[in-house]
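This report goes through a protein model from its overall form to single residues. Please keep the sequence and the structure open while reading.

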Amino acid sequence: MHWISEHLTPCDIWQHGVLQTLAHRVTAFQEMDVVDSGPYGKALVLDGKWQTCTGDEFLYHEPIVHAPCVLHGSPERVLIAGGADGGALREVLKWNTVKEAVVADIDGDVVQACRELLPEIHQGAYDDPRAKIQIGDAWELIANTPNHWDVIIADLTDPIEEGPAYKLFTQEFFKLCKKALRPGGVFVNQAGSQSPPLVDILIRVLKTISTVFEHTSLITANVPTYGSPWGLALAADRKLDLRPDVDAVDGLLNSKLTGSLRMFDGESLLGMLQSPKYIRDRLAQETTVYTVDSPPKFLGKGSRQ
Ligand code: SPD
């Protein structure tokens, strides 16, 4: 067995053992591993950082998709920036209101490997006639589709300087997303760790989004693979209901979803929408805004040993 190690802080390592490597490639954009990680199942690792494992991916993909879709109410056109593994696409396509679901991922090699090697995650979603795959920079697609999307989901890798995603955590990108949404549209992104020593990036991403959209909120996804509670940022130009009625959410899900959910329902959403005090306090004091000239700097690549 070998180990893939990801620094969470300069003094803390998050490490999973690898029983078998199913694919290893250095693509034009990043280093990719698809591995069997044992108890957490098959996993996608990019630049040495754990992206998703079959054993707990539903704890991430269900909230990153269904929270914005519930807040929208009846999404028809959904864009996923990143999301090569197809897990977010699988969840989007459960909405019977969805007519068009696009995955815009820069790395065709990773999409291809996930389609071949991680069917447990995409579950055939790429073959749905409503699904389209656009291999290319999500920035360009979003810039070229104004007033088009009901929900934009930024399902990205962490913003490491050497990686392909860091530009998509900036004010310029969030402004493009705002223009690309139709009235009533909702934006969500994976925004970073809630662990106190790491929380600065999450707080600054939330602050940056709040300079663009009228309403911003945090939801918490507890995904063991990521090593700490994870923050997803929700944003819209209409008020987000942060204390939704549990029965009303369950009624909406029952009427508009095909297929079952494992973690997400009205009660889970209500819980995930409530932020801890230290985060609300930090956000109230934050002044840093991420721009393309001054983007987030996340700890760099992990390593294989
Ligand atoms: N630190 C890990 C954050 C990973 C976010 N991206 C996950 C992609 C799963 N579709």
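How many helices and strands make up the secondary structure of the protein? The model is a predicted one, and its secondary structure comes to ten helices and 14 strands. The radius of gyration is 18 Å, close to the 19 Å that the globule rule gives for 305 residues, so the protein is as compact as a globular protein of that length.

## Overall form

Taken along the principal axes, the box filled by the C-alpha atoms is roughly 50 × 45 × 35 Å. Of the 305 residues, 56% count as buried. The accessible surface comes to about 12,200 Å², and carbon and sulfur atoms account for 50% of it. When contacts between residues at least 6 apart in sequence are taken, 70% of them join residues at least 24 apart. As for charge, the protein has 28 positive and 40 negative side chains, with 5 Å between the centres of the two sets.

## Strand pairs

Strand 5 (residues 42-46) pairs with strand 6 in the antiparallel sense, over four bridges. Within this pair, Val45 stands opposite Trp50 of strand 6. Strand 6 covers residues 49-53, and five of its five residues are buried, so this strand is largely enclosed by the rest of the structure.

The two strands form a hairpin with two residues between them. Asp47 lies in that loop between strand 5 and strand 6. Asp47 is not a glycine, yet its phi is positive, at about 50°. With a relative accessible area of 4%, Asp47 is buried, because the limit for that class is under 20%.

Gln123 is found in the loop between helix 4 (119-122) and strand 9 (131-135). Is Gln123 buried or exposed? At 55% relative accessibility, Gln123 counts as exposed, because the cut-off for that class is over 50%.

## Helices and their surroundings

Helix 6 spans residues 171-180, and its buried residues are Gln171, Phe173, Phe174, Leu176, Cys177 and Ala180. What do the buried residues of helix 6 pack against? Their partners are helix 5 (138-143), strand 10 (149-155), strand 11 (181-193) and helix 7. In an α-helix there are 3.6 residues a turn, so residues three or four places apart point the same way.

Thr208 has its place in helix 7 (residues 199-210). Apart from residues up to four places away in sequence, Thr208 touches Thr170, Gln171, Phe174, Thr288, Val289 and Tyr290. Gln171 and Phe174 are among the buried residues of helix 6.

Leu283 lies in helix 10 (residues 277-285). Leaving aside neighbours within four places in sequence, Leu283 is in contact with Ile203, Leu206 and Lys207. Leu283 and Asp33 are 250 residues apart along the chain, and 35 Å separates their C-alpha atoms.

His61 belongs to helix 1 (residues 58-72). Its C-alpha atom is 6.0 Å from that of Gly87, a residue 26 places away along the chain. With neighbours within four places set aside, the contacts of His61 are Thr52, Asp85, Gly87, Ala88, Arg90, Glu91, Ile121 and Asp155. Of these, Thr52 falls within strand 6 (residues 49-53), and Asp155 within strand 10 (149-155).

| Residue | Relative accessible area | Class |
|---|---|---|
| Thr208 | 0% | buried |
| His61 | 1% | buried |
| Leu283 | 31% | partly exposed |

Why does Leu283 count as partly exposed? Its relative accessibility is 31%, and the class lies between the limits of under 20% for buried and over 50% for exposed, so Leu283 falls in between.

Technical notes. Residues numbered from 1 in each chain as written. Predicted model: local features only at pLDDT ≥ 70, side-chain atom pairs only at ≥ 80, totals over all residues. Heavy atoms only, no water. Buried < 20%, exposed > 50% of the residue type's maximum accessible area, 1.4 Å probe, protein only. Pairing = 2+ DSSP bridges. Rg over C-alpha atoms; globule rule 2.2 N^0.38 Å. Contact = heavy atoms within 4.5 Å. Areas by Shrake-Rupley, 256 points an atom, 1.4 Å probe, with all protein chains shown as cover. Lys, Arg positive; Asp, Glu negative; His and termini not counted. Charge placed at Lys NZ, Arg CZ, Asp CG, Glu CD.
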